[in-house]
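Me: I have a new model open and would like to go through it. Can we start with some helix packing?

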Amino acid sequence: MSEQAAGSVQPRRSAIGRIFRGISALRESPVGMVGAAIVVFWVLVALSASFLLQLGLIFPPNATLAPLMGPGSEYIVSAGRNVMNMPVEQVCSPITSGTDAGNFDCGTFWLGTDHIGRDILSRIIFGSQTVLTYAPLATLCAYAVGIPMGLAAGYKRGWVDDVLSFWANVILSFPVLVLYILIISLVGSSEINILIAIVFASSPGIMRIVRGLTLDLRNREYVFAAETRGEPTLRVLFVEILPNARGPLIVDSMLRLGYVIITIGVLGFLGLGLPPPDPDWGGMINETRQLMMTFPHMAVFPCIAISSLVLGFNLLADGLREVSLKD
Amino acid sequence: MAKPTEAYDGPILECEGLCISYFTRAGEIPAVIDFNLTLPQGESVGLVGESGCGKSTVAMAIMQYLGSNGGIVGGTIRYKGQDLSKLGPEELRRLRGNEIAMVYQEPMASLNPSIPVGRQLIEVPLHHEQGVDEKEAYRRAVQMLTDVKLPDPERVMQSFPHQISGGQQQRVVIAMALLSKPSLLLLDEPTTALDVTVEAGIVELIGEIAGCFNTSMIYISHNLGLILETCDRINVMYSGQVVEEGRVGEVFDRMRHPYTQGLFGCIPLPGADKTAHPLVPIRGQLPLPHERPPGCLFGPRCDFFQGGRCDGRPVHMTPLDDDPDHRVRCLRWSEIDWEAHKPKGVSAEPLAPGEEVLNVSNMRKYYEITDNSILAMIQGKRVRYVKANEQISFSARESEIVAIVGESGCGKSTFAKVMMGLETATEGAVVFQGTDVAKKSVQRRSAKEIGAMQMVFQNPFDTLNPSHTVGSQLARVIRKFGVETDPEKVRNRVMELLDLVKLPRDFAQRRPRQLSGGQKQRIGIARAFAGNPSMVVADEPVSALDVSVAAAVTGLLMDIQRSYRTTLLFISHDLSLVRYLADRVVVMYLGHIVEQGTTDEVFAPPYHPYTEALLSAVPIADTSIEKKRIILEGPLPSVIDPPKGCPFNTRCPRKLGTICETEAPPVIEAERGHKIACHIPLSELQAVEPVIVQVEKNSKPAAE
Amino acid sequence: MLIFIMRRAATMVLTMIVVSLLLFLALEINKDAVAIKVLGPYSTDEQRAIWLENNGYNDPLPVRYGRWLGNFVVGDFGESTRFKTEVSEILWPRLANTGILAAATFAVVIPLSLLLGVLAGMREGSRLDRSISVASIVTTSIPEFASAPLLAAIFVFYLGWLPGTSGMSDGFSVVQLILPVMVLVLYDFGYVARMTRASMADVMTTDYIRTAILKGLPYRTVITRHALRNALIAPFTVIMLQVNWLLSGVIVVEYFFAYKGFGALLLEASLNNDIYMIEACAMVAVFVAVATQTLADIGYTYLNPRIRFS
């Protein structure tokens, strides 16, 4: 960019301007754009879930509606029965011809129903709400814990570093799933416990990354300059060092978000996840895997959902890294 | 050796109208435009220019190694009459390293870290000559290492690159290049990464190569002095073009292109003096490759620019009337009266120094390192000391420029850290404005004390925090030192500081990455002067900048220093620059002060032997200078295990004997204030000839 | 070098001690809870008190920890409440089964990912590079618990080529091993391949590779002699650390395919509050992870002459 153009950007607008530039820079990376598109798609799905339900476009996620049905099955209800606590005549359209004439068509199970007759599409849509609430929240909390630890270890060195690094070593020497199983089996499985477990298990990794970046950045001359003018340590850490570590940290956070989604999924899969009946992708796979041999669709669609979301974040991370390297 | 074109006696290399471009997302960016060169056998030509002028690109093009995004878009390169672009991969492979060899800027990076040096050398004959077995290749490699004057070549053969010093690594790289007896040797800034005394040894070696091996050389450098010492011809490049070429002596004495002239005006020559003959920076900055002006590329920065003429069509090289060998790319070269052209530099009356501001006495700084090896535990020497500073004593007065000179590892940066309070001294006193700050870390100094002593840093690329705007970084300093607190006044002060360093006021809103290196360094200076300091420590403030920019920044720094009557501690390895600007000089070696005195005293006999060697090692871009050659043997000793007695005894060419190895040298006071730490009697030191002598030549008046 | 190994070994022991302390405190600090877990929720207070007394739980905590650790070191892990037998009787055969699974996985992952990584990194930005990179991102994005049902759906349900469970009730069967290994390979190889690619691409842009090329060495020699040597140092560490991830992966895979391995055992023990089994499994898992990490460190140092000779 030319210096004139850059110079004319007002400081107040430049923060927003930089985010905007960051997004537009992503256009350089097709891989990153695909990732961003997937993520945006799921975010939109999660945001619109309740809305879709109100409009009657999808079935309620926890309602047992019909026996086991394959993808694309019509939900046919005979006259006189209730659908969602309402007489079928009021909510469904009557079928006038064919073998089902006289019955009512209440919609389509696009992805079929699960082992107890719940609509899989609806459960996947509502499941995205769950995962996109807890995963970013947990990641954010893990960063809130890991960043100060890493800054302290990398900047102070000495015993602070020794203690924190050893602690990180101990935590990271657990195979990560073993750690989760231990924690959850100790404290029980609930939203807040899963959150705590994730923060506990992933903050040491964040600490290590931040520590490495800090070790490098603390030797920059602008950090010396801040030190030679007697800036307080907190300011040196959070104003002089941390903002310059943001590039790698943003990339890392996208990758980590993917891992956290996998973690929430795997806990659900192992039966240690969020308590039923609210939909959770991992739990959906677990509940229906016994029926794999007869109704593979029940597990396959949640598998695709979670894989695509993780893929979205991973591609986004890769694109961001590619773009940041070009800079 | 049977090379197919042995009988060839035409020029080794011919470049004709060579144009090289890089292809980026932004489109085609020309890096080299219309490059012509004819290199006869056994001759050496220097390519000189500032960074980004395309000199390395030329070398890579000759090697046919431009990477995936670079390409030759016009012209030809002929090696021994053969068009290089027509060679197939296998022919090219046989040419590379065999006929054309190269020496690189970073010796450490150029050698494979996980293969022993010997193995890397042996590969060359093994892959380029039929019928050479391992044994023969090994023998030749050892012989070549001896030829490049490496001590103990057998040991070097077994070593990994990191186990030998930088100078030795570069000798290995040179040996590797010479092993196949190439007809053409490309040297791309071969000494830039080395210390000046090590550089001198390499330069001497390079000078001997041409004679011993009958090799033609292309020597790429930004340093005019080095070109003078090593080359027969010179090509001065600017923004992708050669602007002037000719025999070295001819170009140095009768430069005809305003850019060449400007370049010489930017480097401090022995005749230059900050008051009488100030440096003349070239205004403006190098145009970006995609923003080159029409016509003469140097036009916008040229004092002789004529609108409508210089910004018209591209300018071609024209030979000088009286010397067809000397060619210049300028429309107006014959019209300019160089004798009458006396550009105004940054000059002023000498300042009378005032009160003493700083007094350092017997300051020591030891770093403790814990050695966890079993051997150390058995010997009970677990804690060892790095003696970074030893017995530092000197003083500085108001408005004085005191230079601290030394090579890497001499302890000058540690000293700066102690001054600034980032480290505390182990012993001794550092009295600054009446208070001893030797053991007062920065946290314990008052805002006023901190503001009174500030620092200008070395590396323009990380002297400013890339995350914050220039204005906010300056404002922070102003508030921090309590100069102003009112937001409006702080803003005004920021503007004043930008004015002070001659930058436009709208730079306050810019981020560091939108600034060039020189501009960043100016902001760094503004930041140091924000708290009206009485002393500024400048740690190699211009060493990372191109010469024309460095001259401007140096001028600015001195200008501000004068107007504020600030004491300036100027830390540098560049003796020419020090000689130009300093009032007094302190020479350091391995943490010790070996000599100090006024600039004139230090730069004339009696010298400390180290000062003498240092002076002789500095390349000088002036044909009227003759200097003694003193090449220091051996590598710089480690500060963990420094030599006993005199620290310089391991490399000293004037070593007396065992006394130098056992006893610390006495400090002799040659004149009041001129102190030399040496065992050699003063009378003997006084009898030494000066290192640099200006000889009378071409009716130029001798300055010294 | 020897000193370095000793120091790493000491760190490893220290880590294990801290891990054991953490485990002990987490699981056994409340002795009444231990009694409930061992004797079941329907045991009487009296039974519990007797059990605690008999098993030395009324001693002070440090004494208990010391005894516990001592038993652990000699391989006495206590009795499993779920299997009603010595923990070690169940644990070791299960670990061996997992060892087979892991070995088979590594036997595929290492050559495959190194080859693909080197090929991709050799010519950064080429079509091959981009395909390999994208493929490895895609496969690492499919977690084991998703790829297992997907692969089962394809190979068991639609194609009917492979068995859907790997219980191996009729003795060892290679066919039953294929799907679990496939799932593990799919998830793990991408990461190693990407790391190898990055390392190789880094090396290819270094000055010393330029030197080697401009020295006139044949391209093959440049790659095999100069590039691979340096490029494979980083993947070595990555592969060793992959053991840690694999230990997580086997839990999922064994659970899904009903493979009688260590991971399934750990999960079963956790779900059934089989306290001594949990302790033993966790300690073994951490030991394996820490040991490979230590080996990785030592190996890295050995492979890297810049560290080895200084």
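Me: Which residues in helix 7 of chain B meet which residues in helix 8 of chain B?

Reply: On the helix 7 side of chain B they are Gly166(B), Gly167(B), Gln170(B), Arg171(B), Ile174(B) and Leu178(B). In helix 8 of chain B they meet Val198(B), Gly201(B), Ile202(B), Leu205(B), Ile209(B) and Phe213(B). Two residues are in contact if their C-beta atoms, placed from the backbone, lie within 7 Å. Helices here are DSSP runs of H or I with at least four residues, strands are runs of E with at least two, and both are numbered from the N terminus.

Me: What classes do the residues of that contact divide into?

Reply: The contact of helix 7 with helix 8 of chain B has 7 nonpolar, 4 polar and 1 charged. Ala, Val, Leu, Ile, Met, Phe, Trp, Tyr, Cys and Pro count as nonpolar, Asp, Glu, Lys and Arg as charged, and the others, Gly among them, as polar.

Me: Before going on, where do the numbers and the model come from?

Reply: This is a predicted model, in which local features need pLDDT of at least 70 and side-chain atom pairs count only at pLDDT 80 or more, while totals for chains, interfaces and linings use all residues. Residues are numbered from 1 along each chain as its sequence is written, and chains are lettered from A and ligands numbered from 1 in the order in which they are written.

Me: Back to the pair. At what angle do helix 7 and helix 8 of chain B cross?

Reply: Roughly 15°, with the axes of helix 7 (residues 166–178) and helix 8 (residues 196–213) of chain B coming within 10 Å. Axes are lines fitted to C-alpha atoms, for helices over the stretch in contact, and angles run from 0 to 180 degrees between N-to-C directions. Helix 7 and helix 8 of chain B are therefore roughly parallel to each other. Angles under 35 degrees count as roughly parallel, over 145 as roughly antiparallel, 65 to 115 as roughly perpendicular and the rest as oblique.

Me: And how do helix 11 and helix 18 of chain B cross?

Reply: The axes of helix 11 (residues 258–266) and helix 18 (residues 547–564) of chain B come within 8 Å and cross at roughly 45°. That makes helix 11 of chain B oblique to helix 18 of chain B. The contact is made by Gly262(B), Leu263(B) and Cys266(B) of helix 11 and Val547(B), Ser548(B) and Ala551(B) of helix 18 of chain B. By class, this contact of helix 11 with helix 18 of chain B has 4 nonpolar, 2 polar and no charged residues.

Me: New topic. How many residues are in the contact between chain C and chain A?

Reply: 36 residues of chain C are in contact with 35 residues of chain A. Helix 7 of chain C gives the largest share of the chain C side, 8 residues. That side has 28 nonpolar, 8 polar and no charged residues.

Me: How many residues does the contact of chain C with chain B take?

Reply: It takes 18 residues from chain C and 27 residues from chain B. On the chain C side, the largest share is 6 residues, from helix 9 of chain C. The residues of that side divide into 9 nonpolar, 5 polar and 4 charged.

Me: What about chain A, how many helices and strands?

Reply: Chain A has 13 helices and 5 strands. Its radius of gyration is 25 Å, well over the 20 Å that the globule rule gives for 327 residues, so chain A is more spread out than a compact globule. The radius is taken over C-alpha atoms, and the rule is 2.2 Å times the number of residues to the power 0.38.

Me: And what radius of gyration does chain B have?

Reply: Chain B has 27 Å, which agrees with the value near 27 Å for a compact globule of 704 residues. Chain B has 23 helices and 26 strands.
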